[in-house]
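Here is a short tour of one protein chain. Look at the overall fold before turning to single residues.

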Amino acid sequence: MDKTTPHPLFKLATELGPLLVFFGANAKFGLFVATGVFMVSIVAAIVASYVVTRHVPLMALVTGVVVIVFGTLTLVLHDETFIKVKPTIIYGLFAAILGGGLLFGRSFIAIMFDQMFNLTPHGWRILTARWALFFFAMAILNEIIWRTQSTDFWVAFKAFGVIPLTMLFAIAQMPLTKRYHLEPASLEASEAAEGDVSKG
C-alpha cells in the first residue's frame with residue numbers, strides 16, 4: 001500500500017481534535033450530545049487520515065471501532081457508563097495484545113506504531129513490555145477517575161490529560177530506542193541472513 005508520512009501537526013490534529021470537540025460539546029450540551037459528536041469526529045479523523053496518507057493506523061482503527069460500539073450503547077441505552085468505560089476497554093485491549101504477544105515471543109508494538117523505529121529484537125521486547133504496562137496503568141487510572149470524579153472532570157482528563165501523559169511516556173522511551181537502535185546496514189544484513197536461512 002502506498003503510505004505517505006503525514007505532517008506531525010496533522011497527526012496531532014487527528015488524535016487531539018476529536019477529544020477537544022468532545023470536551024467542548026460536553027461543556028455546552030452535556031455528555032450524551034458530546035458522545036454523538038465524538039463518534040462523528042472520530043470517523044471524520046479516520047477518513048481524513050486515509051485520504052491524506054492512504055493508510056489508517058491500527059491503533060486509530062481499533063479505537064474508532066470501540067468508540068462507535070460503546071458510543072452507540074451509551075446513546076441507545078442512555079447510560080453514560082458505556083462511554084466512560086470505553087477507554088478502559090481500549091487500554092486493556094492494547095495491554096492484552098502486547099502482553100499476550102510477548103508470551104508467545106512476538107512483539108506487536110511495531111505494528112501498532114507502524115514501525116516508527118528499527119530496533120534489535122531485545123529492544124522491541126523491552127519497548128513492548130513498557131507500553132503494555134503503560135496501557136494497563138492507563139486502564140486502571142481511567143477506572144479510578146470515572147468512578148470517583150465528576151463527569152466534567154473525567155471529560156477534561158480525557159481531553160487534556162491522556163495525550164500529555166502518553167507523549168511524556170513516549171518521550172521517556174527515547175533513550176531506549178537510541179540504545180537498541182539498529183542501523184540500516186545491520187538491518188539489511190539481518191534481513192539477508194534471514195533470507196539465506198529460509199532458502200537453505
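Val69 sits in helix 3, which covers residues 58-77.

Together with Leu61, Val65, Leu73, Val76 and Leu77, Val69 forms a nonpolar patch. The accessible area of the patch is about 510 Å² in total.

**The overall fold**

Step back to the whole chain. Its secondary structure consists of ten helices and zero strands. Read from the N terminus, the order of elements is α-α-α-α-α-α-α-α-α-α. The chain has 200 residues, and 36% of them count as buried.

How far apart in sequence are the residues that touch? Take the contacts between residues at least 6 apart in sequence: 69% of these join residues at least 24 apart.

One pair shows how sequence and space can be compared. Arg125 lies in helix 6. Arg125 and Leu102 are 23 residues apart in sequence, and their C-alpha atoms are 7.1 Å apart in space. Arg125 counts as partly exposed, because its relative accessibility is 44%.

**The core**

Now go inside. In soluble globular proteins, nonpolar side chains tend to be buried together. Here, the largest nonpolar core holds 42 residues. Phe22, Leu98, Trp131, Phe135 and Trp154 have the most contacts inside this core. Elements that give two or more residues to the core include helix 1 (8-29), helix 2 (31-53), helix 4 (81-103) and helix 8 (162-172). Which element gives the most? Helix 6 does, with ten residues.

**Salt bridges**

Charged side chains also pair up. The chain has two salt bridges.

| Glu80 | Lys84 | 2.9 Å |

Glu80 counts as partly exposed because its relative accessibility is 28%. Lys84 counts as buried, because its relative accessibility is 5%.

Is Glu143 buried or exposed? Glu143 is buried, because its relative accessible area is 17% and the cut-off for buried is under 20%. Arg147 is exposed, because its relative accessible area is 57% and the cut-off for exposed is over 50%.

**How confident is the model?**

The chain averages a pLDDT of 86. A score of at least 70 is reached by 84% of the residues. Among the elements, helix 6 has the highest mean pLDDT, at 95. Helix 10 (residues 184-199) has the lowest, at 48. Over residues 193-200 the pLDDT is below 50. Beyond near neighbours in sequence, this stretch has zero contacts in the model. Where pLDDT is low, the predicted coordinates should not be read in detail.

Definitions and conventions: Residues numbered from 1 in each chain as written. Predicted model: local features only at pLDDT ≥ 70, side-chain atom pairs only at ≥ 80, totals over all residues. Heavy atoms only, no water. Patch = residues over 30% accessible without salt bridge, like charges linked within 9 Å, V, L, I, M, F, W, Y side chains within 5 Å. Areas by Shrake-Rupley, 256 points an atom, 1.4 Å probe, with all protein chains shown as cover. Salt bridge = Lys/Arg side-chain N within 4 Å of Asp/Glu carboxyl O. Helix = DSSP H or I, 4+ residues; strand = E, 2+ residues; numbered from the N terminus. Core = buried A, V, L, I, M, F, W, Y, C linked by side-chain atoms within 4.5 Å. Buried < 20%, exposed > 50% of the residue type's maximum accessible area, 1.4 Å probe, protein only. Contact = heavy atoms within 4.5 Å. pLDDT = per-residue confidence, 0-100.
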